[in-house]
Amino acid sequence: QVQLVESGGGLVQPGGSLKLSCAASGSIFRINAMGWYRQAPGKEREVVATITRSGDTVFADSVKGRFTISRDNAGYTVYLEMNSLKPEDTAVYYCNAQIIRSGTSFWVNYWGEGTQVTVSS
């Protein structure tokens, strides 16, 4: 089995910072791209940032210059550092990873359960 476990969400005031972590574990052969998505109440899930195995990153226009995405050396943990947070950043943040499970040869998209980020004074 494969699991993605997120941590680091919480309540923060506007202008504050939070750092999210997502660790992949289980029967993993390889992880390709990893990323963070978010879903606010009444809205569709949207991409926040993604990072490939080689470290190439893509950010949503709404978070460029404020958020940073990174991975650890082993490539199994992805981080999202969020600065200058705004109330409109409030959402459930989901970790995503493209994973080949051990003993298989095809990519599968896995999701974490989500972590709540609330930006409010």
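**Figure 1. Arginine 38, a buried side chain in the predicted model.** Arginine 38 has a relative accessible area of 6% and is therefore buried, the cut-off being under 20%. The structure shown is a predicted model. Arginine 38 belongs to strand E4, which covers residues 28-39. The side chain of arginine 38 takes part in salt bridges with glutamate 46 and with aspartate 89.

**Figure 2. The salt bridge between arginine 38 and aspartate 89.** The two side chains meet at 3.0 Å, taken from N to O. Aspartate 89 sits in the loop between strand E8 (77-82) and E9, whereas arginine 38 is in strand E4, so this pair ties together parts that lie 51 residues apart in sequence. Aspartate 89 is buried, with a relative accessible area of 0%. Arginine 38, at 6%, is buried as well.

**Figure 3. The salt bridge between arginine 38 and glutamate 46.** The closest N and O atoms of this pair are 2.8 Å apart. Glutamate 46 has a relative accessibility of 37% and so counts as partly exposed, while arginine 38 is buried. A network of salt bridges links Arg38, Glu46, Arg66 and Asp89.

**Figure 4. Strand E4 and its pairing with strand E9.** Strand E4 (residues 28-39) pairs with strand E9 (residues 91-101) in the antiparallel sense, over nine bridges. Among the bridge partners are isoleucine 28 and, in E9, arginine 101.

**Figure 5. Strands E4 and E5 and the hairpin that they form.** E4 and strand E5 (residues 46-51) run antiparallel and are joined by five bridges. Methionine 34 has isoleucine 51 in E5 as its bridge partner. Six residues lie between the strands of this hairpin, where glycine 42 takes a positive phi near 80°.

**Figure 6. The salt bridge between aspartate 61 and lysine 64.** Aspartate 61 and lysine 64 form a salt bridge in which the closest N and O atoms are 3.0 Å apart. Aspartate 61 counts as exposed, with a relative accessibility of 64%, in contrast to aspartate 89, which is buried at 0%. The count of salt bridges in the model comes to four.

Conventions:
Residues are numbered from 1 along each chain as its sequence is written. This is a predicted model: local features need pLDDT of at least 70, side-chain atom pairs count only at pLDDT 80 or more; totals for chains, interfaces and linings use all residues. Side-chain values use heavy atoms; hydrogens and water are left out. Two strands pair if DSSP finds at least two bridges between them. Helices (H or I, at least four residues) and strands (E, at least two) are DSSP runs, numbered from the N terminus. Buried means under 20% relative accessible area, exposed over 50%, partly exposed in between (1.4 Å probe, protein chains only).
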